[in-house]
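Welcome! Please take a moment to look over the sequence and the model below, and then we will walk through some of the main features together.

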Amino acid sequence: MKLTSEILKAKAKELGIDCIAIGNIERFKNAPTLMSPITYFPKAKSVIAIAMPIPRGANRGIEEGTHWHNYTFYTYNKLNAFFRPIKTYQLSCFIEDCGYEAVAHYPAVPEGNGTTRKPVAEGKVPPDVVCSIRVIAAGCGLGEIGWSKVFLTKKYGPRVRLGLIFTDAELEPDPILDTGTLCLHCGACTKNCPGGAIPHPRETDKRIYVDFGEKQIYFGDVQMGRCTLSHHGMNKECSPFLSKEFPNMAFDVRNSQMTEEEAYILTYALAGAKWGRKPGSHAVIDYYNQIIEHTGYFSICGAKGCIRACNAIMEKSGRVEQTFQNPYYKKESWALPVQPETKPQGVNPYREEYLDEHYPGIRENEYVSTDSKKK
Ligand code: SF4
Ligand code: SF4
């Protein structure tokens, strides 16, 4: 059966996919080898990008500071790893029913790949090809990579997760959007990012350019170490969990120069860590431990700047087709102090709390400063 863009898009609509765009493979001929759909599937002629919406209400718990699971589940990990792949799977099966091969590409972090393995055969590249879904989706014309690096669409603004399919069917491509079609370059993401990870749009030397041949686009050079530290719970400003367990810590994420990989190592090590002297499960941070065991992933920042603030400003400026009866922000967003509020005392708060409760007075003079001893 002959497959056209029109037939494919009609099928996508039937499957509940309302954001879809197609790029011809020539647009990706300059892509880095380990991020190229051509390395992945040399016979590919077209790339199909889809976006699935993040429900605005799924961010509400973090916005209010009252509930965290929904973000990881409905807006991030399970949307990327469960809800959205069902659609790419169904669309891939339809393409193959029409007689064309369809490679559904699972999103991952290309920069995070190890490239130490040897090629499987002479002339092949190492088996570590992972495409950048955002760059490729922009090359298909699905939307625009916003200044914050978050993908923006006409219908849902920044509230989307993406999927790709590479196919050997030759399909009519959609036009690539010019930078600035959707992104306002307003800096709301910069101002509201708790990690200080997003440069200001005025910083023209912080632009990253991508060349699709027929069009060049750009977006901001986000400091991914700071973003990862915040996203994965190492930033007290946006983590009540870290604040509770480490009230005396003063780690300044906004000035950290950690790389993304270093930040991943640190945050995942912390999330999985146990400390034998802690009562209960011994988890260093109970919530991180619990959510990571439940979903295999955890998000703490909740994209305060790059999705929530961006979504609010895009809605307000009329750049999001999906509209709501009420504005997103009901009040100013919360932020926790990074610096300790009180001077720390003691060594082991768990032991001390227990002793104070069960043996009042037993710790008298346990902590006496050197100065007061001298008096
Ligand atoms: S908040 Fe959104 S629209 Fe404004 S600069 Fe950032 S990415 Fe662009
Ligand atoms: S996820 Fe959070 S820390 Fe990362 S860029 Fe977005 S707002 Fe900033």
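Which residue stands opposite Phe166 in E6? It is Val103, and we will come back to that strand below.

This is a predicted model, in which local features need pLDDT of at least 70 and side-chain atom pairs count only at pLDDT 80 or more, while totals for chains, interfaces and linings use all residues. Residues are numbered from 1 along each chain as its sequence is written, and chains are lettered from A and ligands numbered from 1 in the order in which they are written.

**The chain as a whole**

- You can find 13 helices and eight strands in the chain; these are DSSP runs numbered from the N terminus, with helices (H or I) of at least four residues and strands (E) of at least two.
- The C-alpha trace spans about 90 × 55 × 40 Å along its principal axes.
- Of the 375 residues, 39% are buried, where buried means that 20 or more other C-beta atoms, placed from the backbone, lie within 10 Å of the residue's own.
- Among contacts (C-beta atoms, placed from the backbone, within 7 Å) with a separation of 6 or more, 71% join residues 24 or more positions apart.

- E2 runs antiparallel to E6 and is joined to it by eight bridges; strands count as paired if DSSP finds at least two bridges between them.
- E3 also pairs with E6 in the antiparallel sense, over four bridges.
- Phe166 of E6 is the bridge partner of Val47, and it also stands opposite Val103.

**The largest nonpolar core**

- This core has 86 residues, and Val47, Ala49 and Ile136 touch the most other members; a nonpolar core is a set of buried Ala, Val, Leu, Ile, Met, Phe, Trp, Tyr and Cys residues joined through C-beta atoms within 7 Å.
- Helix H11 gives the most to this core, with seven residues.
- Leaving aside residues up to four places away in sequence, Ala49 touches Ala21, Ile136, Ala137, Cys140, Leu142, Leu162 and Leu164.

**Helix H4**

- H4 covers residues 69-97 and bends by about 90 degrees at Leu79, the bend being the angle between axes fitted to the seven residues ending there and the seven starting there.
- Its buried residues include Tyr71, Leu79, Arg84 and Ile95.
- The buried residues of H4 pack against several elements, among them helix H1 (5-14), strand E2 (46-53) and helix H10 (286-295).
- Tyr76 lies in H4 and counts as buried because it has 22 C-beta neighbours inside 10 Å.
- Tyr76 and Phe298 are 222 residues apart in sequence, yet their C-alpha atoms are 8.9 Å apart in space.
- After H4 comes Gly99, whose phi is positive, near 100 degrees.

**Around ligand 2**

- Ligand 2 is surrounded by 14 residues, and the closest are Cys193, Cys227, Cys301, Gly305 and Cys306; a residue is near a molecule if its C-beta atom, placed from the backbone, lies within 6 Å of it.
- Helices H7 (224-231) and H11 (304-316) are the elements that give two or more residues to this shell.

Methods:
Buried ≥ 20, exposed ≤ 12 C-beta atoms within 10 Å, placed from the backbone. Contact = placed C-beta atoms within 7 Å.
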